[in-house]
Structures are given as structure tokens and as C-alpha cells.
Amino acid sequence: MAIIKSAILFVATLALGGCVTLVRGDAPVLDLSQHAYIAGFAPDVRMSGSDNTEFLARTATTLERLQARSGDDAIDILALSGGGAGGAFGAGAIVGLTQSGKRPEFEIVTGVSTGALIAPFAFLGPEWDDELTEAYTGGMSANIVGRPGLGTMFRVGVFDDTALRQLIDRFVTRELVDAVAREATEGRMLLVATTNLDSEETVIWDLGAIARRGGEPARQLFVNVLVASSSVPGVFPPVMFDVDAASGAYQEMHVDGGTTVPFFIAPHAAFVSDEKLDVLNDVNIYVIINGQLGTLPRATPVSTVPITMRGFSVVLMHMARIELALTASFASQHGMKLKFASIPVAMRYAGSLDFETASMRNLFNFAHACAANDLLWRDMKDALVPASGTDSSETDCGNRALPPEPASQMATE
């Protein structure tokens with residue numbers, strides 16, 4: 001199903017590309033990202049992903065404050081990757097960690113794309129597990145990717161973002177935003193990434209700082225950032241943000257954070273720096289990759305669409321591998337501990353566009369069982385091991401203590 005949708009998506013993008021142009025003014029080049037501020041909000045609600053100095057300075061200050069608050073307890077950081085429908089894996093893992101009794105209170109949570117949608121619930125804790133479960137298994141996601149149709153000729157993006165925006169708007173309530181604001185006031189951080197298509201750079205948004213602004217403007221910006229982080233360029237319309245700069249007001253165009261980074265704990269400049277930050281000692285990093293880090297070998301048809309889509313899938317998979325390797329090196333350099341989880345190679349997985357409710361529930365339940373039985377986390381040595389297709393040990397947890405499906409959900413099948 002996902003392969004068919006991917007093929008339709010690709011062909012539609014090629015056939016209809018350039019049919020619609022969004023009218024906008026040119027942005028002053030020197031003002032992009034680092035010198036432009038969201039209208040009506042303080043400058044601290046976001047930072048450029050290429051500004052290593054600002055990111056590390058802000059993170060170091062936060063970690064010092066958190067360490068003073070937590071005493072001898074370690075600081076726990078959770079990074080959630082993109083992956084479309086694969087987000088059901090991350091959602092199930094978070095809820096399963098609650099059941100295991102070993103879920104940390106993550107002091108810093110970061111998210112990209114579907115990981116950005118999970119991030120607020122993971123940040124707020126077990127009291128929000130019901131909402132997270134409903135968001136990924138309740139059926140609302142089934143309509144996110146529909147058929148392109150004739151309407152594609154009259155909009156920017158193969159699909160409109162109505163279903164995606166409705167899903168996010170439903171769960172990003174004033175209550176959720178207020179709860180994020182309270183936790184941010186205590187010093188915790190909730191960060192998500194978008195891609196500024198004008199500057200071709202990652203932008204990191206501090207959702208806690210946005211939430212502290214309060215009121216409906218804060219909720220609306222919160223929603224828009226999450227929509228932007230999930231808007232694959234050319235697939236969904238970009239999100240336009242009104243910004244102020246020394247040279248005047250204009251709009252920035254933002255798309256999926258996964259365009260530039262699959263997940264993040266720091267800008268890439270930090271990974272190649274010789275500077276050692278003692279404040280990072282005794283920090284635990286948990287990475288949940290909402291996809292697979294390998295696939296079982298299979299023949300690729302000699303046809304344009306399958307070759308292109310397979311190539312696109314390979315790029316995304318290797319981006320995640322490289323980011324994981326960089327993160328592991330960074331963690332080792334600074335004395336941090338790293339654990340990660342991903343959808344097993346040996347598991348049947350139809351891909352990031354398979355938003356069918358049954359598929360998402362199966363993936364959610366599998367991850368839930370893995371986490372509940374303390375079988376979720378893997379070692380770095382497992383990340384780059386070629387798939388053999390013969391070792392089923394990594395999928396065994398799917399057969400243990402699967403959570404029963406609610407009767408209300410079974411009735412909708």
C-alpha cells in the first residue's frame with residue numbers, strides 16, 4: 001500500500017510541479033533566520049541550527065539549572081526522529097515505557113517531523129499517554145495522505161494539509177500548551193526542528209518559550225511549528241511565518257525538519273568541535289528512530305518510479321545511520337551514555353506513508369510490548385550490522401504482553 005502511494009506521490013509531483021506558485025515577496029538575504037524574529041514573540045523562541053555557539057550556550061545554561069534542581073540524578077535527553085507513519089513506533093515505545101516502570105522524566109525532549117508530534121506528550125509525562133495513544137491509533141491519521149486529485153493543480157503541494165492540521169489542532173489544546181509552559185518554567189526544554197527553505201538551514205524552535213507567551217497566539221504558533229516540521233516539501237504546502245527584521249517585515253517559508261536533519265541533540269558544528277563541555281557529564285541520551293536502519297535485500301524493478309523511490313528510501317536510511325554515528329561519537333567524547341531504538345530490520349514494515357489505522361496500531365502495539373518488557377533499547381554495535389533475515393530475536397518482544405486493543409477501537413475496524 002505504501003509503495004503504491006509513494007509511486008502516485010512521486011509521479012504526481014513530477015507531473016504537476018510548477019503548476020502553482022505561491023505569491024510572496026523576496027526575503028532580505030542577510031536577515032534570514034539569525035536576524036529575523038517571529039512577529040509578536042521574543043527572540044528566544046527559536047534559534048538557527050547552524051548557530052552552534054548560541055545552541056550550546058543555551059543548552060549549557062539549561063543543563064546547569066537542571067543539574068542544580070535534580071541533585072545527583074542524571075539528566076535524561078530524548079531525541080525523536082521523523083518517519084511519517086513510523087511515528088506509531090515511537091508513540092508505542094513511550095507509552096510502553098510507562099508500563100515498564102522505567103520511563104525517565106526527560107529533562108530535554110527534541111523532535112523532528114512525526115517525532116515533533118510525539119515530543120510534547122513525551123515531554124509532559126505519563127498523564128498524557130491516553131492522548132498520545134489516541135493520536136496515533138485512533139484513526140485520525142488515516143486521512144493525512146489522500147489521493148492527489150485535480151485539486152493539486154490549484155494548490156502548493158501534492159496534498160493539502162487539512163487533515164494534518166486538524167490532527168495537530170485537536171491535540172494541541174490550551175491545556176497542553178499551559179502544561180508545557182509550566183514545565184518550561186521549571187527549566188526543562190522542548191525543542192523541535194523545521195527547515196527554513198529560504199536559507200536551506202535547520203531552525204530549532206523552543207516550544208516551552210512559545211508556550212510561556214500564553215494565550216491563543218502561543219497555541220497557534222505552537223500548532224504552526226508542528227505542522228511545518230511535518231510538511232514534506234512538495235508533498236504538503238509549506239508554512240509561512242511572519243517575521244520582523246531591521247530591514248522590515250516579510251515571510252519565511254518552512255518545511256519538514258527531516259529535510260535537513262533526521263533527529264538532533266545538537267548542531268553538527270558541535271560534533272566536530274574539540275571543546276569538551278564538562279556540564280554534559282552524567283547525561284543520558286535516548287534516541288527513538290521511527291523507521292528502520294536497514295532492510296532485507298530484494299530485487300529492484302528496472303523502472304523509473306521504483307528506482308527513484310528505492311533511492312529516496314536509501315538516502316533517508318543512511319542519513320539516520322550517519323546522524324546516529326555522529327551522536328554516538330559526540331556522546332562518547334563528552335562522557336554521555338547513549339541508547340537507541342528503531343523498527344527492527346526483520347519486522348514487516350510498509351513504510352512511512354502507510355497511515356492505515358490497522359498498520360499503525362500493529363506498530364504501536366509492537367513497540368509498546370518491547371518497551372513494557374524492557375526490550376526496547378539497543379546497543380550502538382547493532383546499528384550498522386547488515387540484516388540477515390534469519391535472526392528473529394529482535395522481534396520477539398512483539399509476541400510478549402501485547403496490550404489488548406480497546407473495544408471501541410476494535411469496533412471501528
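Me: Which strand do five bridges join to β4, and do the two run parallel or antiparallel?
Reply: Five bridges join β4 to β5 (residues 189–196), and the two run parallel; strands here are DSSP E runs of at least two residues and helices H or I runs of at least four, numbered from the N terminus, and two strands pair if DSSP finds at least two bridges between them. This is a predicted model, where local features need pLDDT of at least 70, side-chain atom pairs count only at pLDDT 80 or more, and totals for chains, interfaces and linings use all residues. Residues are numbered from 1 along each chain as its sequence is written, and side-chain values use heavy atoms, with hydrogens and water left out.

Me: What stands opposite G111?
Reply: That is L80, and β3 (residues 75–80) pairs with β4 in the parallel sense over four bridges.

Me: Is β4 buried or exposed?
Reply: Five of the five residues in β4 (108–112) are buried, meaning under 20% relative accessible area with a 1.4 Å probe and protein chains only. I108, T110 and V112 point one way, while V109 and G111 point the other way.

Me: Switching topic, what lines the second largest cavity?
Reply: Its lining consists of F55, T59, I77, I108, T110, L191 and I265, where a cavity is a set of points on a 1 Å grid over the protein atoms alone at which a 1.4 Å probe fits but cannot get out, and lining residues have an atom within 4 Å of a point.

Terms used: Buried < 20%, exposed > 50% of the residue type's maximum accessible area, 1.4 Å probe, protein only. 1 Å grid on protein atoms, 1.4 Å probe; cavity = no way out; pocket = protein on both sides within 12 Å on 5 of 7 lines; lining within 4 Å.
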